[in-house]
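Subject: Structure handover

Hi,

Here is the structure I promised you. My notes follow below it.

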Amino acid sequence: MNQASRQLNRLLSVGVGGFFALSAAKSCYYVLDGGQRAIVFDQRHGLGEDVKGPGLHFLIPFLQKPYVFDVRVKASNVQTETGSKDLQNVTLT
């Protein structure tokens, strides 16, 4: 029973340690998709001058934070009314 509890304790500590290691590794990078741009805010220097494009980017956890913007063109519907040659009003959408 004592050996089983030691193995369970070791497995639990490895599992918790692995979780924290993966969490720290995940907070070191970010991925931008096509149509997204980011500006990195640094706690020491403020906003950066360069704009990050699509791809994999690295940062320092707890000191830098990316602000992601969507730069894709969005379609919008505009309704307007105009006149035709025979003086009829036509609504366009």
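Two strands pair if DSSP finds at least two bridges between them. That cut-off is needed for the pairing of S2 with S5, which runs over seven bridges in the antiparallel sense. Within this pairing, Arg37 has Phe69 of S5 as its bridge partner. Please keep in mind that this is a predicted model.

**The open sheet**

Three strands make up an open sheet. Their order is S3-S2-S5, and the pairing is antiparallel. Strand S3 (46-47) and strand S5 (64-70) are the edge strands. Each of them pairs on one side only. Strand S2 covers residues 36-42 and pairs with S3 over two bridges, again antiparallel. Asp42 stands opposite Gly46 in S3. Phe41 has Leu47 as its bridge partner in S3.

Strand S6 (residues 80-83) pairs with strand S7 (residues 89-92). The sense is antiparallel, over four bridges. Glu81 has Thr91 in S7 as its bridge partner. Five residues lie between the strands of this hairpin. Look at Leu87 there: its phi is positive, near 60°.

Leu12 is found in helix H1, which spans residues 2-26. Leu12, Val16, Phe19 and Phe20 make a nonpolar surface patch of about 440 Å². Is Leu12 buried or exposed? Leu12 counts as exposed because its relative accessible area is 56%, and the exposed class starts over 50%. Phe19 and Phe20 are exposed as well.

**Aromatic contacts**

How many aromatic pairs are there? The count comes to one. The pair is Phe19 with Phe20, and the geometry is edge-to-face. The centres are 5.6 Å apart, with 65° between the planes. The pair qualifies because the centres have to lie within 6.5 Å. The edge-to-face label follows from planes over 60 degrees apart. So both residues of the pair also belong to the nonpolar patch.

There is also a charge over a ring. The charged end of Lys26 sits over the ring of Tyr29, 5.1 Å from the ring centre.

**Salt bridges**

The structure holds three salt bridges.

- Asp50 with Lys52: 3.1 Å.
- Asp70 with Arg72: 2.9 Å.
- Asp70 with Lys74: 3.5 Å.

Asp70, Arg72 and Lys74 are linked in a network. How exposed are the partners? Asp50 is partly exposed because its relative accessible area is 43%. Lys52 is partly exposed too, at 24%. Asp70 has 36% relative accessibility, so Asp70 counts as partly exposed. Lys74 is exposed, with a relative accessible area of 61%.

**Recap**

- An open antiparallel sheet in the order S3-S2-S5.
- An antiparallel pairing of S6 with S7.
- A nonpolar surface patch that includes Leu12 and Val16.
- An edge-to-face pair of Phe19 and Phe20.
- A salt-bridge network of Asp70, Arg72 and Lys74.

Best wishes

Notes. Residues are numbered from 1 along each chain as its sequence is written. This is a predicted model: local features need pLDDT of at least 70, side-chain atom pairs count only at pLDDT 80 or more; totals for chains, interfaces and linings use all residues. Side-chain values use heavy atoms; hydrogens and water are left out. Rings of Phe, Tyr and Trp (its six-membered ring) pair if their centres lie within 6.5 Å; planes under 30 degrees apart count as stacked, over 60 as edge-to-face and the rest as tilted. Buried means under 20% relative accessible area, exposed over 50%, partly exposed in between (1.4 Å probe, protein chains only). A charge sits over a ring if NZ of Lys or CZ of Arg is within 6 Å of the ring centre and within 35 degrees of the ring normal. Patches are made of residues with over 30% relative accessible area and no salt bridge: like charges are joined within 9 Å, nonpolar side chains (Val, Leu, Ile, Met, Phe, Trp, Tyr) within 5 Å. Accessible areas come from the Shrake-Rupley method with a 1.4 Å probe; for residues, only the protein chains shown count as cover. A salt bridge is a side-chain nitrogen of Lys or Arg within 4 Å of a carboxyl oxygen of Asp or Glu.
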